[in-house]
Amino acid sequence: MTLLSRYLMRYLFTGFAAAAGLLLPLFSTFNLINELDDVSPGGYHWTQAMLVVLMTLPRCLIDLGPFIALLGGIVGLGLLSKSSELTAIRSSGFSVFRIAMVALCAGVIWAVSLGAIDEWVASPLQQRALQMRNVSMAAGNGIDMTGNVLWARRD
């Protein structure tokens with residue numbers, strides 16, 4: 001791998017990090033809002049909801065991986081193009097095909113790392129988070145009987 005290939009990869013991974021830094025907090029906020037709908041005074045607390053959202057953050061990263069790769073590649077190559085570095089790289093003898101192959105290699109590395117994160121981090125954390133959520137919500141069902149209950153009276 002040449003020096004220019006590593007330079008391009010560094011910018012691509014910087015773009016991946018920027019896109020992840022933009023999308024993950026946004027979607028985590030949406031997940032937290034959805035979790036706060038299930039908060040009850042007797043069982044499922046807001047601290048547990050925050051913990052569930054944090055524990056499912058790697059799964060959110062896996063789900064958003066293709067969008068992060070797309071936006072990150074555009075941002076990384078756009079930064080190089082903005083400062084005319086991509087033109088200098090092209091004039092130094094790098095073809096469009098070689099630049100595309102470097103971007104493809106960065107995408108493959110991204111996909112393999114997401115696969116590893118999915119296998120060893122995201123799946124166990126998501127299982128633990130859902131188990132904790134279900135246990136606390138089940139404990140709250142016996143205590144808090146004021147919400148979502150229909151009372152009917154005969155005669």
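Modeller: Let us start with burial: a residue is called buried under 20% relative accessible area, exposed over 50%, and partly exposed in between, with a 1.4 Å probe and protein chains only. By that rule Arg 133 is buried, and Glu 35 is buried as well. Please keep in mind that this is a predicted model, in which local features need pLDDT of at least 70 and side-chain atom pairs count only at pLDDT 80 or more, while totals for chains, interfaces and linings use all residues. Residues are numbered from 1 along each chain as its sequence is written, and side-chain values use heavy atoms, with hydrogens and water left out.

Colleague: How many salt bridges does a search of the whole structure find?

Modeller: A salt bridge is a side-chain nitrogen of Lys or Arg within 4 Å of a carboxyl oxygen of Asp or Glu, and the search finds 3 of them. Arg 133 forms one with Glu 35, where the closest N and O atoms are 2.9 Å apart. Helices here are DSSP runs of H or I with at least four residues, numbered from the N terminus. Arg 133 lies in helix α5 and Glu 35 in helix α1 (residues 3-36), so this pair ties together parts that are 98 residues apart in sequence.

Colleague: Which other residue forms a salt bridge with Arg 133?

Modeller: That is Asp 38, with the closest N and O atoms 2.2 Å apart. Asp 38 sits in the loop between α1 and α2 (46-55), so its pairing with Arg 133 in helix α5 ties together parts that are 95 residues apart in sequence. Asp 38 is partly exposed, at a relative accessible area of 28%, whereas Arg 133 counts as buried at 16%.

Colleague: Where do the two partners Asp 118 and Arg 59 lie?

Modeller: Asp 118 forms a salt bridge with Arg 59, their closest N and O atoms being 2.8 Å apart. Asp 118 belongs to helix α5 and Arg 59 to helix α3, so the pair ties together parts that are 59 residues apart in sequence. Asp 118 counts as partly exposed at 24% relative accessibility, and Arg 59 as buried at 17%. Salt bridges that share partners join Glu 35, Asp 38 and Arg 133 into one network.

Colleague: What is the span of helix α3 between its end C-alpha atoms?

Modeller: The expected span of a helix is 1.5 Å times one less than its number of residues. For the 26 residues of helix α3 (residues 57-82) a straight helix would span 38 Å, but α3 spans only 32 Å. The bend at a residue is the angle between axes fitted to the seven residues ending there and the seven starting there, and in α3 a kink of about 60° lies at Leu 64, shortly before the proline Pro 66. Among the buried residues of α3 are Leu 64, Gly 65 and Ile 68.

Colleague: Which residues make the nonpolar surface patch?

Modeller: Phe 97, Met 101, Leu 104, Val 108 and Val 112 make a patch of about 490 Å². Phe 97, which is found in helix α5 (residues 96-143), is exposed, with a relative accessible area of 58%. Patches are made of residues with over 30% relative accessible area and no salt bridge: like charges are joined within 9 Å, and nonpolar side chains (Val, Leu, Ile, Met, Phe, Trp, Tyr) within 5 Å.

Notes
Helix = DSSP H or I, 4+ residues; strand = E, 2+ residues; numbered from the N terminus. Areas by Shrake-Rupley, 256 points an atom, 1.4 Å probe, with all protein chains shown as cover.
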